[in-house]
Amino acid sequence: MVEGRPTLEEVRREMGLPSSGDVRGQRDTVGYPSTAEAMAKAWELSAQGPMPESLGGQAQPGVLGVIGPHDDYVYAGRVYRQVFPLVTAKTVVILGAFHRYRRFGERDRVVFDAYRAWRSPDGEIPVSALRGDLLAAVPAGMAVQDAAAHDLEHSVEGIAYFLHHARHDLEIVPILVPVASFERFQAMAAALGDALARAMQRRGWTLGRDLALVISNDGTHYGHDFGYAPHGSGGVDAFLRALRHDRELVRDALAGPVDAAHAWHFFSTVVDPARPDEYRVPWCGRFSVTLGAMLLQETARRLGLARPRGVPLALGASVDTPELALRDVGMGATAPANLHHFVTHPAVAYVAGEAGEDAVSR
């Protein structure tokens, strides 16, 4: 037992709607909706402008996967609406940022949940039986189940609610990703990709049509209280520079062919590869994005598909558009948003390689 590790009872006391039995509850009942009325209003308002900055890319529904935000709906809801409806598969593997992995002493292995279903504003979301296949197939020491870790983490639930509102027969496989070296992420991606591809082949599933991968991430967290203010304490100039940096990072590291070189570019930009616990740029999805991109590559390779590619969709921020008017249905902000304390919200879609491109090398 890790010293100071929270117990399941302690974690559940912090939840807005505690987990009970075999159903995972809801940690954050402020940033995310807890009623069907609130979810419906968030969905409606998220389609109304002003919209976040477009990064020029376009994708049709049925994508292989996406990177999207988990910030409060009042701040990031419009970006949610730009990216998550592109996921139309019934089964979705959601790779979540594990913000508090240090409290659990977790590293070098992914963390699955242990629930039958997750509560949502629109009813229960079943956990797919695929979870059991993956747990049985990956090498010992590479994965664990931990209900307390998932109860403490918010980075999956808000995304799952949005996906479920669009598709009520949704099934999910929630996975949290703590720190690891780049080499360890490569090994985990290979093992999970092999397990995922084999499970899909047994079921006759197609990537994008039947199963998709969603990566939870918020971009740069700017401000002295985040420990990151390279352009000064804040203000318009700092904000524009932070946006420019994230725009370039998305286009250079997350757009185009999905491969280890692009994943390394991203990883080595946002953390120190020799000490991956240490940020260079505070993207909270630094590990979920790294593993997720390579997992998609490995899964496609084992399915004999053309190399997936990333399509930059949008770049929002917690201060770039007015809040969604959701306070009357019980929603609000869990943290301040101003030009001295803001978070960016990049959105990327993963699509199949163009016809005629080489299949991912075997």
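Reader: Which residue is the bridge partner of F112 in β9?

Author: In this predicted model, two bridges join β5 (residues 110–112) to β9, and the two strands run antiparallel. F112 belongs to this pairing, and its bridge partner in β9 is I175.

Reader: Which strand pairs with β9 in the parallel sense, and over how many bridges?

Author: Strand β9 covers residues 171–177, and V173 in β9 stands opposite V93. The parallel partner is β4 (residues 91–97), and the number of bridges between β4 and β9 is seven.

Reader: Which strands stand at the edges of the open sheet of three strands?

Author: The order of this sheet is β1-β6-β7, with mixed pairing. Strand β6 (residues 117–118) pairs with β7 in the antiparallel sense over two bridges, and W118 stands opposite I125 in β7. A strand with a single partner has one side left without a neighbour in the sheet, so the edge strands are β1 (23–24) and β7 (125–126).

Reader: What is the relative accessible area of S120?

Author: S120 lies in the loop between β6 and β7. Beyond residues up to four places away in sequence, S120 touches I125, Y161 and H164. Buried means under 20%, and S120 is buried, with a relative accessible area of 4%.

Reader: At what distance does the side chain of S120 reach the backbone oxygen of G123?

Author: The side chain of S120 takes part in a polar contact of 2.9 Å with the side chain of H164. For the backbone oxygen of G123, the distance from the side chain of S120 is 2.6 Å.

Reader: Which elements are included in what covers the buried residues of α10?

Author: Helix α10 (residues 260–270) has as its buried residues H262, A263, F266, F267, S268, T269 and V270. Their cover includes α8, α9 (236–254), β12 (256–257), β13 (271–272), β14 (275–279) and α11 (286–303).

Reader: What is the radius of gyration of the chain?

Author: The chain has eleven helices and 16 strands. The globule rule gives 21 Å for 362 residues, and the value for this chain is close to that, so the chain is as compact as a globular protein of that length; its radius of gyration is 19 Å.

Reader: What percentage of the contacts in the chain with a separation of 6 or more comes from residues 24 or more positions apart?

Author: The C-alpha atoms of the chain fill a box of roughly 50 × 45 × 40 Å along the principal axes, and 57% of the 362 residues count as buried. Among contacts with a separation of 6 or more, the share from residues 24 or more positions apart is 83%.

Technical notes. Residues numbered from 1 in each chain as written. Predicted model: local features only at pLDDT ≥ 70, side-chain atom pairs only at ≥ 80, totals over all residues. Heavy atoms only, no water. Pairing = 2+ DSSP bridges. Helix = DSSP H or I, 4+ residues; strand = E, 2+ residues; numbered from the N terminus. Buried < 20%, exposed > 50% of the residue type's maximum accessible area, 1.4 Å probe, protein only. Polar contact = N/O pair within 3.5 Å; in protein donor to acceptor, adjacent residues only side chain to side chain. Contact = heavy atoms within 4.5 Å. Rg over C-alpha atoms; globule rule 2.2 N^0.38 Å.
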